[in-house]
Every structure is written in C-alpha cells, then in structure tokens.
Amino acid sequence: MIQWYPGHIAKAERSLAEQLKRVDVVLDVRDIRIPLTTQHPKLKEWVASRERVLVLNRMDMISPEMQDLWLQWFTDRQEKPYFTNAKLGKGIREVTQAAIAAGAAMNERRRNRGMRPRPVRAVVVGFPNVGKSALINRLLNRKVVHSAARPGITRQLRWIKISADIELLDAPGVIPARLEDQRDAVKLAICDDIGEASYDNQRVAIALLDLLHQLNAHVNTLDKLRSRYQVEPENLSSEDYLHTLAQTKYLGDLERAACQLLTDFRKGHLGLFSLELPPLR
C-alpha cells in the first residue's frame, strides 16, 4: 500500500488553513498527466467563495490532441483550464492575467466602500512536485523559490510580491493524509508526485505497463515500448514484460529495468499522453 504524509505537510496544511483568510484567489495547479487524481479532496473547502484559476501544468508531456480532449471536458463543465509549461514559461502570462482578473471584484468592492485598491492575494496549491515552485519563479521572472524534480522541496509558507497587482502565497505540496484509492496513489507514484520512499519501483513499473495496455486502444501506447526497448509487449503480461526487459537489456536486474521504465515515462520517452482520459459522464 502506498501512503505518504510527512510531518512538514501536516504542518503546512494547518498554516494554509489560517492564511486562507487573507486570500482572494486560489491557483489550483495540477499535473496534466493525471488532472483528476491531482485534484485535492479539500479543494472545495479551500476555495469556498474565493475565485479559482485552474492551472494544468506540464502541457509539454501530452499531445495537442489530448490537450484538446481535456480542454473540451473542462469547458463542458464550465471550467476554464490554463495550460502551462512552468519549466519553460509557457502560458504564464495568461495565468497572471487570470489571477488579476479574478481578484478584480474584490477591488471593486473596496472602491465602493471608499477604500483604495490593493494587490490581489493569491495562493498556489497542489500536490507535491506538480510544478508550483517553477510556476512562481516564472510568474516573478526570477528564481525566488527552490524548484527540483522531486516532491517535498517547499516546506514553509511565505508571501511573495509578484508586482503592484498581485501577491502570491507559496505553499508546500499538500497531499491527503490518507490515500484511500490506491489506483490514484499508483498514478502519483508513476508521475513522481509522491515521495519515492513510499513505493516499490518494480510494482509501480508493472502498474505503469498495465496502464499502457489499457490506454493503447485510445492512444497507441505500445508502439513506443516496442521501438524503445525492442521487446514485444503484445502477448506478455506486465510482470513478464518487466522480467523480459530486465533479461534482454539490463543483465537480469529487475530494479534497474523498473527504474528505467519510470524514468523514460517521466521524461516523455514513452509518448505524450495522460494516464487518465476524460470520463464519459
């Protein structure tokens, strides 16, 4: 079973609840490869009556066709997603404008009461390692928060002034105290959005292979496996495929084969697609 809830996250979530009293806009940042899994179950509670800006990060990790599928799905639900590649700065200007626009009603109320406008206060929330720190650095156009390709880097909340128009609260990645759906937990592990000490690489690699088989009818995921490893996946179970890959490429080293599979997926070498498809209903 995959469970991961380090002490700094519990502390950060308590601090976040207190700081939310000062916030006008919530930037809801998700991993586009698993946009449903990376919606925090407490999101509605955190947003409450505040405005929300939905940010789907890592747009470079899925194809334009799959991006269009998710755009249509969210649009059908009266949500406007903003697709970003925080690492390269794509889509950042639109997110900034959306946050300022979302806070405009707050300043209108202040004007009506004879008060001066103030900067919009926004908070960036999301699971660990979905790209929140990279997003903030791009919003600022300089590196002020540490960003790395592993969860758990940001550990404290702090306010950062973006411009005269907007202030941002940088919060550590927050994950549910208990992951009830282990299918979601596995997706978090595959995408490296959870601490690696919480899972077994070989089991997660096998789960990735299971997902690739399930998605193949929609995305043609198996061709990439064939071309990258020269091992035919069609008639092998996921466990047998991992064993065959280890034998043919890595001198029988199962752990090395599993880690390579996960790394290749995370770098986009196995194709550009989400591990989730928009639900039919």
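Hi everyone, let me start with a charged pair: Arg 58 forms a salt bridge with Asp 193, with 3.7 Å between the closest N and O atoms. By salt bridge I mean a side-chain nitrogen of Lys or Arg within 4 Å of a carboxyl oxygen of Asp or Glu. This pair links distant parts of the chain, 135 residues apart: Arg 58 sits in the loop between S2 and H3, and Asp 193 in the loop between H7 and helix H8 (201–219). Helices (H or I, at least four residues) and strands (E, at least two) are DSSP runs, numbered from the N terminus.

A quick word on the source: this is a predicted model, where local features need pLDDT of at least 70 and side-chain atom pairs count only at pLDDT 80 or more, while totals for chains, interfaces and linings use all residues. Residues are numbered from 1 along each chain as its sequence is written, and side-chain values use heavy atoms, with hydrogens and water left out.

Back to our pair. Are Arg 58 and Asp 193 buried or exposed? Both are buried; that means under 20% relative accessible area, with exposed being over 50% and partly exposed in between (1.4 Å probe, protein chains only).

Arg 58 also meets the side chain of Asp 31 in a salt bridge, at 2.9 Å from N to O. Asp 31 lies in strand S1 and Arg 58 in the loop between S2 and H3, so this pair ties together parts 27 residues apart in sequence. Asp 31 is buried, as is Arg 58.

For contrast, take Glu 18 and Lys 21, whose salt bridge has its closest N and O atoms 3.2 Å apart. Here Glu 18 is partly exposed at 47%, and Lys 21 is exposed at 63%. There is also a network of salt bridges linking Asp 28, Arg 30, Arg 52 and Glu 79. How many salt bridges does the whole structure hold? The search finds 16.

Now the sheet. It is open, with 6 strands in the order S3-S2-S1-S4-S6-S5 and mixed pairing; two strands pair if DSSP finds at least two bridges between them. At the edges are strand S3 (81–84) and strand S5 (158–161), each pairing on one side only. S1 (residues 25–31) and S4 (residues 120–125) run parallel, joined by 4 bridges. In S4, Ala 122 is the bridge partner of Val 25.

Last stop, Gly 173, in the loop between strand S6 (166–170) and helix H7 (182–190). Gly 173 is buried, at 9% relative accessible area. Its C-alpha atom is 4.6 Å from that of Phe 127, 46 residues apart along the chain. Thanks, all!
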